[in-house]
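Here are my notes on this model, as numbered points. Please read them with the structure open beside you.

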Amino acid sequence: MTAVQDIVGAEHVLTDPDITQSFGTDWTRAWSAQPLAVVRPADTDQTAQVLMACKKFGVPVVPQGGNTGLVGGGIPHRDNEAIVLSMTRLQHLGTVDRATQTVDVGAGVSLARLQAHASAAGFAYAVDLAARDSATVGGMIATNAGGLRVVGLGDTRQQVMGIEAVLVDGSILRRLEPLAKDNGGYNLSQLMTGSEGTLGVITAARLRLVRAPGTQYVTFIGLADVESAVSLVADARARGDLTAAELIRSEGMKVVRQVCGLAQPLKAEHRVYLLLETAELPELPDDVDAVVDPRMWEYRDRQAEAVATLGIPFKLDVCLPINSIAAFLTELDTLPDTQGREVHVYAHLGDGNLHINLLDIDVEMADRLDEQVLTLVARYGGSIAAEHGVGVHKTKWLHLSRSSAEIATMQAIKDTLDPAGLLNPGVLLP
Ligand code: FAD
Ligand code: 2HG
Ligand code: ZN
């Protein structure tokens, strides 16, 4: 540890188990292991030196941002085996470049800080998610975070113009210039995007900004079934001003109201609730139970928090062709291990992205649920990892969404960039 203390300063190498424990436990509390130490570099050069020291001594490294990931990818997996490389000190926020509508940002900047910075310059950052106060730019790029506005503005990958990342041997890949065209070979920034800390450590990024939104209408609609919600999303899409289309099932509505003390927002209770964010008021049938109010976002934003208050949630994050969602949900509710249980489903419906949460699930049942639900997803032509990544949770199931040729290619890239397998071992690849 002395070698690393000499690089970052003793005060930035945390070894007291009472302090490091929280860095070794994920947001859901489903995964936990004691880090060897938590190392907090101040900048790119220190990150490179720490990685070189870890390579020299053969110590595995788990890059970590805000530790809000939901697939166990940002914490060690065995006690006292790996260091956590906490990137939150990289807080650089460049001046917004108005001519290119871009900004360069340190990996440790939180989403909320980035959004405030963009807004102060008259722009917006396209990606938004409920963990905005803690999730970092580095973590969002590493997971290719999606969130609430993908249907209108795209995912993180679509905002990344270039990144700076450090490889395990300490070499630095830097592509931070605001160039709209730059076809010099493979796009290594996009290779790092979504690599979940397995190929390199992201230290900074050049991100696209979008125009600040004008008036947005948030319409919250109670519906009898998912088919009606999908049909309203299609109508809103066709008008071309849809920026968000989110769904909550009745179980989630009940829990968020109970846990967060929120009022019943509509005249009656419904099986399904749809939130549409649009620039013009959407056209709805006359007799529909709906309200137009930006505060309706809270019912959707607080779903994860509400369900986690009731216990350690079992989570799956999957993507389906949107027209298959109603049929998929009918089958989901009748699987051997979901039948008779409350299955909490909330969704970025516009993207076909469902979040499935169940409570009181032990390890064996979790394994059976993984198999039953993810096999069903594959049968519908969906993705087993929509926006949270593969992490440690889904490595075993990657073959359901990727061919053996694709997995072998990914493994070859991993072996080339990290031959000793020191970066985030056990994550993403089986
Ligand atoms: P961490 O959790 O610290 O790490 C996540 C992964 O990235 C790990 O594999 C880690 O090793 C790697 N990593 C972190 N930093 C770096 C770095 N600098 N270089 C290389 N690798 C790195 N996600 C969505 O996509 N959409 C949502 O709507 C959404 N909503 C959420 C709501 C709540 C309440 C919570 C708790 C989480 C939500 N998430 C959502 C999941 C999570 O916020 C995202 O995955 C986010 O991108 C993680 O960022 P982080 O900084 O916390 O990363
Ligand atoms: C959301 O969209 C997040 O609310 C969290 O991605 C998903 O809690 C979850 O399963
Ligand atoms: Zn989500």
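1. Where is the place of glutamine 101? Glutamine 101 sits in the loop between S4 and strand S5 (102–106). Helices (H or I, at least four residues) and strands (E, at least two) are DSSP runs, numbered from the N terminus. Glutamine 101 is not a glycine, yet its phi is positive, about 50°. Most residues other than glycine have a negative phi. Glutamine 101 is partly exposed, with a relative accessible area of 28%. On this scale buried means under 20% relative accessible area, exposed over 50%, and partly exposed in between (1.4 Å probe, protein chains only).

2. Asparagine 80 also deserves a look. Its phi is near 50°, a positive value in a residue other than glycine. Asparagine 80 is found in the loop between strand S3 (61–64) and strand S4 (83–86). With a relative accessible area of 48%, asparagine 80 is partly exposed.

3. Now the ground rules. This is a predicted model: local features need pLDDT of at least 70, side-chain atom pairs count only at pLDDT 80 or more, and totals for chains, interfaces and linings use all residues. Residues are numbered from 1 along each chain as its sequence is written, chains are lettered from A and ligands numbered from 1 in the order in which they are written, and side-chain values use heavy atoms, with hydrogens and water left out.

4. Next, confidence. pLDDT is the predictor's confidence in each residue, from 0 to 100. The protein has a mean pLDDT of 97, and 100% of its residues reach 70 or more. Confidence is lowest in helix H1 (residues 2–8), at a mean of 95. It is highest in helix H5 (residues 137–143), at 99.

5. Which residues are the protein donors of the zinc ion (ligand 3)? They are His348 (NE2), His355 (NE2) and Glu387 (OE), lying 1.9 to 2.1 Å from the zinc ion. In sequence these donor residues are spaced H-x6-H-x31-E. Histidine 355 lies in strand S17 (residues 353–358) and glutamate 387 in the loop between H13 and H14, so the pair ties together parts that are 32 residues apart in sequence. Both histidine 355 and glutamate 387 are buried. Donors here are N, O and S atoms within 2.8 Å of the metal (3.2 Å for Na, K and Ca); water is not among the atoms, so sites may look incomplete.

6. Turn to the second largest pocket. It holds about 810 Å³ of space. Its lining has 32 residues, of which Arg157, Thr193, Gly194, Glu196 and Arg402 lie nearest the centre. A pocket is an open set of points on a 1 Å grid over the protein atoms alone, with protein on both sides within 12 Å along at least five of seven lines; a cavity is a set of points where a 1.4 Å probe fits but cannot get out; lining residues have an atom within 4 Å of a point. Grid points are joined across faces, edges and corners, and a volume is the space filled by probe spheres set on the points.

7. Why does this pocket lie between domain 2 (102–211) and domain 4 (311–420)? The reason is that both domains give residues to the lining of the second largest pocket. Domain bounds come from an automatic or database domain assignment. Helix H7 (188–192) and helix H14 (404–417) each supply at least two lining residues. H14 gives the largest share, three residues. By class, the lining has 13 nonpolar, twelve polar and seven charged residues. Ala, Val, Leu, Ile, Met, Phe, Trp, Tyr, Cys and Pro count as nonpolar, Asp, Glu, Lys and Arg as charged, and the others, Gly among them, as polar.

8. The structure holds two cavities of 30 Å³ or more. S12 gives the most, with three.

9. Last, compare two residues. Isoleucine 248 is found in strand S12 and counts as buried, at 1% relative accessibility. Valine 363 lies in helix H13 (residues 363–379) and counts as exposed, at 68%.
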